[in-house]
Amino acid sequence: MASEREVSRMIKQGFLSSDPTLSFNLPSSTTPPRMKMVSNNGRSNRSLNNLSPPYTTTPVYPDNQTQTLFQIMSEEPNHQSKISKIMKEFEDLNCYGRGDVRLTVIGKDGHAQISMDVHKRVLLEKSGFFRDSLKGRDQGVVVQSVEISDCDDVEVYLETLVLMYSHDLKRRLMDEDVSKVLAFLKVSADIMFETGIVSCLECLEAMPWSEDEEEKVVTQLGQLQLCDLAAEVLQRVSSEPSTSTSANDIFLRLLSGVMQAKDDKARREMRTLISRFFRENSSDHGNRLDVSKDSLYSLCYRCLSSLTLCLSEVTGIDECRVDRGVLMAQVAQEAENMRWIVDILIDRKIGDEFVKLWADQKELALLHSRIPTMYRHEISKITAQLCIAIGRGHILVPKDCRFSLLSTWLEALYEDFAWMTRSCRSVDKKLVEDGLSQTILTLPLLQQQTILLTWFDRFLSKGDDCPNIQKAFEVWWRRAFIRQHAAEQDNSHLQITVCDHPN
């Protein structure tokens, strides 16, 4: 291992000598690199003109890591290529001649080390940190070298220092991606390179971001705590409450737009997209949008009014007229809209009021019975949807409300079941049957009996055209005649003793 390191040192150029140092810490919101400045009061035999070559690179490896000669040599070409590019840019930008300060940048744990000759006047002019640190040291003191250690990315740190020489920073940054600009911003903040900070922020404000890059931008700007300087950049992802439209208003507008859409394909796509927004919002409890329950129910009332009007018109026109088909398409669309809103209500656990609302639609149910099944079955899907939700425990309503729901709509569901399950691939026959069974079994036993005996007669007559709720029938039978439970438990064995205790 020692011989490999010796070969490596022969490939590389040498280290800087150790001199008495003045130590400073970089102010930053994150853990900054460490800096030390090696001073020369004119007592050294080595003059500034003898600082040679203009830059050197030296990788340094900790004792607890093993780096083979092959690994060292394979890493070197790429490393040297990047450094050569940086130095070429520095030479193009440098209009001050030979540097009077040797700057050395050292990576984390001393993994890499790069040195170059820069100019004290540039450091003082561009960097607030250097201005503060070198203040009062000009009298009789020549700063010969500066070391910056513990850098996350040595090359980026060096590039940022080279950017101090650029006269058009914003144009220079146009060639970089978001990650690189963020890296420059971090270093600029570390050394208080004000022009660099402003230019990086201006560049970030104008650049497009991917979702991953957006996360990096928001996180890093938060860590750097640039306050007002970063506010304009973050306007892309946040807004002041006083200037932003409420989420409730936006959602209501989107929902209304989808429900009134004329293009079927576009309506389906946008319905799927907005439903995903609601699901994502429901799963993120820490960032829940303020979408009002009243807004969703206002859409339900709108659909109910439209359905009632359409069905009234259908029953009052000649069956041979073309208008009937148009009205039926409207009925199907309004029923589809209603199911979509009900899905949202159920997902948000606020669907209980809709069960009562739907159970009270006696007039709509009567109109429904006067229309051919092929046109009306979309409406029965709403009843099936509610039974599935009640049967799964996603909606909890009193028993009177559950019985009222079935009293109003169960007959219609029976009549439309065959058409509904055979013509619509989206309807799961087994799911509807299980939901209906569970809903019936939540009722008092006598109500179960009334519903299931009626179903028994219908099933014998209609067969597969009627939902098969035989499992519910079996459970009711066992409850009624096999596992009978006393209406009142005998609690005579319980004894209650009341004692007075002295205070």
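User: Buried means under 20% relative accessible area. By that cut-off, is Arg458 buried or exposed in this predicted model?
Analyst: The model is predicted. Arg458 has a relative accessible area of 16%. The cut-off for buried is under 20%. So Arg458 is buried.

User: Which residue forms a salt bridge with Arg458, and in which helix is that partner?
Analyst: The closest N and O atoms of the pair are 3.6 Å apart, and the partner of Arg458 is Glu415. Arg458 lies in helix H20, 43 residues from its partner. At 38% relative accessibility, Glu415 counts as partly exposed. Glu415 sits in helix H18 (residues 399-423).

User: What is the relative accessibility of Glu378, which forms a salt bridge with Arg339?
Analyst: The closest N and O atoms of Arg339 and Glu378 are 3.1 Å apart. The pair links helix H14 to helix H17, 39 residues apart. Arg339 is buried at 14%. Glu378 also counts as buried, with a relative accessibility of 16%.

User: How many residues apart in sequence are the parts tied together by Lys186 and Asp152?
Analyst: Lys186 and Asp152 form a salt bridge, with closest N and O atoms 3.6 Å apart. Lys186 lies in helix H7, and Asp152 in the loop between strand S6 and helix H5, so the pair ties together parts separated by 34 residues.

User: Is H20 oblique or roughly parallel to H21?
Analyst: H20 and H21 pack at about 135°, with their axes 10 Å apart. Angles under 35 degrees count as roughly parallel and over 145 as roughly antiparallel. That angle makes H20 oblique to H21.

Methods: Residues are numbered from 1 along each chain as its sequence is written. This is a predicted model: local features need pLDDT of at least 70, side-chain atom pairs count only at pLDDT 80 or more; totals for chains, interfaces and linings use all residues. Side-chain values use heavy atoms; hydrogens and water are left out. Axes are lines fitted to C-alpha atoms, for helices over the stretch in contact, and angles run from 0 to 180 degrees between N-to-C directions. Helices (H or I, at least four residues) and strands (E, at least two) are DSSP runs, numbered from the N terminus. Angles under 35 degrees count as roughly parallel, over 145 as roughly antiparallel, 65 to 115 as roughly perpendicular and the rest as oblique. A salt bridge is a side-chain nitrogen of Lys or Arg within 4 Å of a carboxyl oxygen of Asp or Glu. Buried means under 20% relative accessible area, exposed over 50%, partly exposed in between (1.4 Å probe, protein chains only).
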